[in-house]
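Visitor: I have a model on my screen and would like to understand the terms used to describe it. Could you take me through them?

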Amino acid sequence: MKILLPIADNLERAASYTDGDKIVEGVAMTLKQFSGALEKLGIESFGNPGDAFDPNLHNAVMQVESDEYESGVIAQELQKGYTYHDMVVRHSMVK
């Protein structure tokens, strides 16, 4: 499964580009399909902004002060974390 996760990361990056609306739309649809396939396999993502920081799940690479989030809360997800049937496959990279 770790081989598939970088593909999901690259699709997410590509989906953020704004040039070529049809390309972006196609990549976004592919990412949605891929996410659905992961979910069917029991693989779920985690590490969203606003979630409480948990060192067992999240790898904090930066600490920032924010008016929007209090201390101990994820301000930004830099890389998704994934679990497989409640077992961490990859920790999320957050600040």
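Guide: Gladly! Please keep in mind that this is a predicted model. Let us begin with how Tyr-84 sits: Tyr-84 stands opposite Met-87 in β5.

Visitor: What makes β4 and β5 a pair?

Guide: Strand β4, residues 81-84, and β5 are joined in the antiparallel sense over 3 bridges. Pairing asks for at least two bridges between two strands, so β4 and β5 count as paired.

Visitor: Which sheet do they belong to, and in what order do its strands lie?

Guide: They are part of an open sheet of 3 strands, ordered β1-β4-β5, with antiparallel pairing. Neighbouring strands there are turned by 35° against each other on average, direction ignored.

Visitor: Why are β1 and β5 called edge strands?

Guide: Each of them, β1 (43-46) and β5 (87-90), pairs on one side only.

Visitor: How do you know that β2 and β6 are paired?

Guide: By the bridges again. β2 is joined to strand β6, residues 92-94, by 3 bridges, and the two run parallel. The requirement is at least two, so this is a pair as well. Within it, Asn-59 stands opposite Met-93 in β6.

Visitor: What kind of pairing does the sheet with β2 and β6 have?

Guide: Mixed pairing: this open sheet of 3 strands has the order β2-β6-β3. Its edge strands are β2 (58-60) and β3 (77-79), each pairing on one side only. The twist averages 40° from one strand to the next.

Visitor: What holds strands together in a sheet, in general?

Guide: Strands of a sheet pair through backbone hydrogen bonds, in a parallel or an antiparallel way.

Visitor: How many helices and strands does the protein chain have, and in what order do they come?

Guide: There are 2 helices and 6 strands. From the N terminus on, the elements run α-α-β-β-β-β-β-β.

Visitor: What makes a residue count as buried, and what share of the protein chain is buried?

Guide: A residue is buried when its relative accessible area is under 20%. By that cut-off, buried residues make up 24% of the 95 residues in the protein chain. The protein chain exposes about 6800 Å², with carbon and sulfur atoms supplying 52% of it.

Note on methods
Residues are numbered from 1 along each chain as its sequence is written. This is a predicted model: local features need pLDDT of at least 70, side-chain atom pairs count only at pLDDT 80 or more; totals for chains, interfaces and linings use all residues. Side-chain values use heavy atoms; hydrogens and water are left out. Helices (H or I, at least four residues) and strands (E, at least two) are DSSP runs, numbered from the N terminus. Axes are lines fitted to C-alpha atoms, for helices over the stretch in contact, and angles run from 0 to 180 degrees between N-to-C directions. Buried means under 20% relative accessible area, exposed over 50%, partly exposed in between (1.4 Å probe, protein chains only). Accessible areas come from the Shrake-Rupley method with a 1.4 Å probe; for residues, only the protein chains shown count as cover.
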